[in-house]
Amino acid sequence: MPRNEIKIGGFGGQGVILSGYILGRAASIYDSKYATMIQAFGPEARGSACSAQLIISDEPISYPYIVAPNVMVLMSQEAYSKFTPELAPGGILLTEEDLVVTHNLRADVRHFSIPATRIAEELGKRLVLNIVMLGFATALTNLVGRDAARNAVKVSVPKGTEELNFAAFEKGYEYGLQLLKKEPEKILA
Amino acid sequence: MHADPIGVLTGAHFIDGDHACSEGAIAAGCRFVAGYPITPSTEVVERIAERFPFVGGVFIQMEDEIASSIAIQGAVWGGKKAMTVTSGPGFSLMMEHIGLAAMTETPCVFVDVQRAGPSTGLPTMPAQGDMMQARWGSHGDYQIIAIVPNSPQECFDLTVHAFNLSERYRVPVMMMMDECVGHMIERVVIPSADKIEVHNRKVYDGPKESYRAFETGRDLIPSMVKAGDGYRIHVTGLTHDEKGYPDMSVSAQGKLVQRLMDKIRIHADDIVMYKEEDVEGADVVVVSFGITSRTAIPAIEQARAKGLKVGHLRLVVVWPFPEKRIRELAGKVKSIVVPELNMGQIVYEVERCAAGKCNVVSVPHAGGTVHQPKDILAAIEKSLRGT
C-alpha cells in the first residue's frame with residue numbers, strides 16, 4: 001500500500017479527532033502499518049471547524065503533513081466547502097448524508113454518503129456518529145482491516161461504551177458494504 | 001542499571017511526542033517535575049500530572065518558568081531526578097538557571113518544545129529557532145548537551161538518554177523538540193523495564209571529614225551526595241573551590257571553568273550522536289536535525305532520482321557538535337546543505353567546521369510550518385553549481 005493521505009473534517013464535538021486517532025491506531029498498532037497523525041491545532045472549540053490529518057503507509061513516513069489527501073471523511077458543510085478542493089484526483093470522498101450537501105462535486109471524485117447521525121440516533125446515542133463514519137470508511141477503503149479497526153475502537157472509547165461503539169461501527173461497515181455491492185466499479189483506495 | 005518497572009508502560013502505544021517524552025522521563029526515573037504549562041509543551045506536563053501519583057512522583061505547577069527551573073535543582077540536590085518543560089518564551093526565562101545548573105553541576109533535564117519566535121511568536125506552530133539559545137543562552141562559559149528527536153518514538157528513547165547523560169556528566173541536558181514532533185501521533189514502542197538502560201549519578205559514600213563536593217578524578221566529574229545525608233556541602237553559583245566554598249580568585253575561576261568545559265570535551269566522542277545514510281561517495285551531504293530530517297528525505301530521494309549523489313547526516317545530539325566528523329566530510333564532498341526551521345543557526349557551526357573546504361548552503365525557514373521538500377531539493381542542486 002502506497003502512502004495514503006486522509007483528512008477527516010467536521011465541527012468540534014463530533015469526535016473528528018477521535019475517529020482519526022482510532023484509524024491511525026488501528027493501522028499502526030493492529031495492522032502493522034505506519035501511521036502519522038497531525039491535528040489541526042488552533043483555537044478549535046465545540047461547534048467550529050476542525051480536522052484530523054492522517055497518513056497511513058506500508059513504508060516509514062518521512063514528510064509528516066498531508067499534501068493532497070486521497071481519502072476524505074467529512075461531517076459538516078463547512079468542512080466540505082473548505083477541504084474538498086484539496087482532494088487528490090480520483091480521490092474517495094465519504095460524507096454524512098444529512099449534514100453535507102455535495103454541490104459542484106468534481107466528476108473524478110468517488111463519492112459515498114451515509115446518514116450516520118440518524119443511524120447513531122437509532123442506536124440511542126447521537127455521539128457515536130463518528131464511529132459509524134469510521135465503520136463506513138473501513139468498508140469503503142483499504143486503509144485498515146475490520147478486525148484492526150474494531151480492536152482500536154475497543155481500546156479507544158470510554159469503558160462501558162464498547163458494545164454501543166461496536167454496534168455503531170458494524171452499522172457503518174454494513175452500510176458501506178451494501179453501497180459497494182451497488183457500485184463495485186468505484187472501489188477502492 | 002535498568003529502569004524501575006513501576007514507571008514503565010511496556011507495550012505499543014499510539015501517542016504524541018509530548019506524551020512519549022513524559023513516559024521517557026518516568027522510565028528514566030524522573031520523580032520531580034516543576035513547570036509552567038505553555039503551548040506546545042503543555043501535554044508533557046499534563047501527562048506527568050496524571051501519571052506521577054501512580055509512580056510516587058511530585059509535580060508542581062509553579063508560578064512561572066524562573067521558579068520551575070530552580071525548583072527542579074532543589075529536588076536534584078534532595079536526591080531526585082528532575083526536569084522542567086517549556087517552550088521558547090519560557091526557555092528564555094530559564095536561562096539564568098541553566099547557568100546555575102551548569103555551574104553547580106546539577107544533573108537535570110530541560111525540555112523545550114520549540115515554537116516559532118521571537119517573543120510569543122506563533123504559539124501553535126513549529127520552529128527550530130532555539131538551537132543557539134540552548135548552547136549559549138546563559139552568560140559566561142559552560143557546556144551543555146542538547147538532543148533533538150524527530151519522532152514520538154525518539155521522544156521516548158531520547159528522553160531516557162537525556163536523563164542518563166545528565167546523570168553521567170552532571171550537566172543540564174536540553175531536549176530540543178518542536179511543535180510538529182511534540183503534537184505528532186505515531187506508534188511508540190516502550191520496551192520492558194529490563195531492556196531500558198538507566199544511569200545514576202556517582203554517589204560519594206566515603207568518610208564525612210574527607211568529602212570534597214567538587215573534587216574529581218581523571219573523568220572530571222565529581223561525585224554527589226544529597227541534602228540530609230549528613231555531609232557538609234555548600235552549593236553556590238559563585239566561583240568555588242573543590243569544597244564548594246566561594247573563592248574569588250582568578251586561579252579558582254580558571255580552574256573551575258576549564259573543568260566545566262573539559263568534562264564535556266573529553267567525553268565528546270561518547271556523547272556525540274548522529275545517523276548517516278549513503279554519505280560515503282556522496283557529492284552532497286544534507287546535514288539536518290529534528291523534524292527537518294524528515295522533510296529532507298523526500299528532497300534527497302528526488303535528487304537521487306535525478307542522478308545526484310546525495311548523502312544524509314542527521315544530528316541526534318546537536319551539542320556538543322560533531323566537529324571531527326563534519327571536518328572530515330567537508331574534505332570529501334563538494335557541498336553540504338543545511339535545512340533548518342530558523343533563519344540559519346546550525347549552518348554556522350557547519351561552516352566553521354568546513355572551514356572553506358566545501359560549499360555550505362543554508363536552507364532557512366522562519367518557522368510556522370515545515371520545509372517544502374522542493375526548497376531543499378533546489379538547494380541541493382544549487383549547492384553543486386559553481387563547485
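Modeller: A:Arg146 lies over the face of A:Tyr173, 5.5 Å from the ring centre. This is a predicted model, in which local features need pLDDT of at least 70, side-chain atom pairs count only at pLDDT 80 or more, and totals for chains, interfaces and linings use all residues. Side-chain values use heavy atoms, with hydrogens and water left out, residues are numbered from 1 along each chain as its sequence is written, and chains are lettered from A and ligands numbered from 1 in the order in which they are written.

Biologist: What makes a charge count as sitting over a ring?

Modeller: NZ of Lys or CZ of Arg must be within 6 Å of the ring centre and within 35 degrees of the ring normal. The charged end of B:Arg135 also sits over a ring, that of B:Trp136, at 4.0 Å from its centre.

Biologist: Why is the pair of A:Tyr21 and B:Phe14 called tilted?

Modeller: Rings of Phe, Tyr and Trp (its six-membered ring) pair if their centres lie within 6.5 Å; planes under 30 degrees apart are stacked, over 60 edge-to-face, and the rest tilted. The structure holds 8 aromatic pairs over all chains. In the pair of A:Tyr21 and B:Phe14 the centres are 5.3 Å apart and the planes at 45 degrees, so the pair is tilted.

Biologist: Why is A:Tyr21 called buried?

Modeller: Buried means under 20% relative accessible area, exposed over 50%, partly exposed in between (1.4 Å probe, protein chains only). A:Tyr21 has 19% relative accessibility, so A:Tyr21 counts as buried. B:Phe14, at 1%, is buried too.
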